[in-house]
Amino acid sequence: MSTLDLENLTKKFESGFVALDSLSVSLRSGEFLVLVGPSGCGKSTALRLVAGLEQPTSGDVRLGSKSMLGVPPRDRDMSMVFQNYALYPQMTVFQNIEFPLRLRKIAKDKRTSEVRRVVELLQLSSQLEKKPAQLSGGQRQRVAMGRALIRQPQLSLMDEPLSNLDAQLRVQMRGDIRSLQREFGTTTVYVTHDQTEAMTMGDRVAVLRDGLLQQIGSPEEVFGTPKNLFVARFIGSPSMNLVYGSVQSEANKLSLRLGSQTLDLSSLSPAKAEALRRYNERRVVVGIRPHTLKDPQFSQLKVGYSLRGVVRLRESLGTEIVLHFAIDADRAGAIRSDESEEVALVQETRIIACVDPASTAREQQTVDLVIEPNRLHFFDPETELAIA
Ligand SMILES: Nc1ncnc2c1ncn2[C@@H]1O[C@H](COP(=O)(O)OP(=O)(O)O)[C@@H](O)[C@H]1O
Ligand SMILES: [Mg+2]
């Protein structure tokens, strides 16, 4: 295991297209970093540059402070697992996983004990004599994972390794990969377009958009304090609700108008309040996480901090109820489709709220959902940056 430093890593393809633009990230030894972003944002390009399968236009990749520029992929002491991995079809599970140790001429006893440790973690102990063709997709992926990690490389690179698996298996494999990675302490860069995977697996999450790093931080940081509208919308499920509001600041009173409703913001933290006062009489983008809206029956918060709307649709998930809820708002307060592309999300002010499973809110009913003002997010409509 080793530290990894990406320094202004840039890739401009011959077509002139910049797939990765000056990416700088440092991983501590043993860290699990997830690089996440929509398809085409440059994730695989970044990984291929680290692996040496692609040469950067500028910038550097340092493994344990040693520059990897000019070092061929096989000499970089990194392992890589892709979505489409290949196992040796003629070898058994045991032999497949053992193979990297054989290449390194590790003694037989040691090889056997290492394979045992890995297969136990991956729950493959009963499959050791099978050939890959006799395994399920998930089992094959586990073997590939075991083979990549058993040789304990300085760095492990994974490019959407779970994309081919069904949903249930993906959830299980997420946990297995993390357990294995912790056991070996391998520094890892894991690429995915799936924000849930990023949030559940990463020590830190780096959000990429069009080759540009948007934000890097712990899952709690990128979820709790997204730096811009892109991160706000990309991280979290269901996505953050984004609506326009306008700020009213008079004497000591700070409030937010959402359509015809007014939310009292006097309990806002002093720092947030001060930043928001600069937007007096101006429009801001207000972000509301679905889980921060509560049915008042199940909330300790004072009513008064509530948002009134009509339940258009009620979806019961068992663990919670998802309400599609239209705010009683002027059109002027709603997001209009002629606004900048980034915030033109809805025609009417429809909001998603995830409330207590015992909520009795019915479709077509007018309800007041409680909200804690400090959990609202505010963004500048022009710069799209968080107001902080
Ligand atoms: N060899 C290439 N030449 C030109 N453009 C490329 C090349 N490889 C990838 N790209 C482009 O770079 C962008 C990023 O690709 P990629 O890193 O594969 O994205 P991701 O893995 O995030 O889906 C895409 O728009 C892709 O079309
Ligand atoms: Mg990719």
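Axes are lines fitted to C-alpha atoms, for helices over the stretch in contact, and angles run from 0 to 180 degrees between N-to-C directions. Helices are DSSP runs (H or I, at least four residues), numbered from the N terminus.

This is a predicted model, in which local features need pLDDT of at least 70 and side-chain atom pairs count only at pLDDT 80 or more, while totals for chains, interfaces and linings use all residues. Residues are numbered from 1 along each chain as its sequence is written, ligands are numbered from 1 in the order in which they are written, and side-chain values use heavy atoms, without hydrogens and water.

Helix α2 (residues 93-103) packs against helix α4 (residues 137-150) at about 20°, with the axes 7 Å apart. The two helices, α2 and α4, are therefore roughly parallel to each other.

The residues around ligand 1 (a heavy atom within 4 Å) include Phe-13, Phe-17, Pro-38 and Gly-42. Helix α1 (residues 43-51) gives the most to this shell, with 3 residues. Polar contacts are pairs of N or O atoms within 3.5 Å; the table lists examples.

| Protein atom | Distance to an oxygen atom of ligand 1 |
|---|---|
| Lys-43, backbone N or O | 2.9 Å |
| Ser-44, polar side-chain atom | 2.8 Å |
| Thr-45, side-chain N or O | 2.5 Å |

The protein covers 60% of the 570 Å² of accessible area that ligand 1 has on its own (Shrake-Rupley method, 1.4 Å probe).

Methods: Polar contact = N/O pair within 3.5 Å; in protein donor to acceptor, adjacent residues only side chain to side chain. Parallel < 35°, antiparallel > 145°, perpendicular 65-115°, else oblique.
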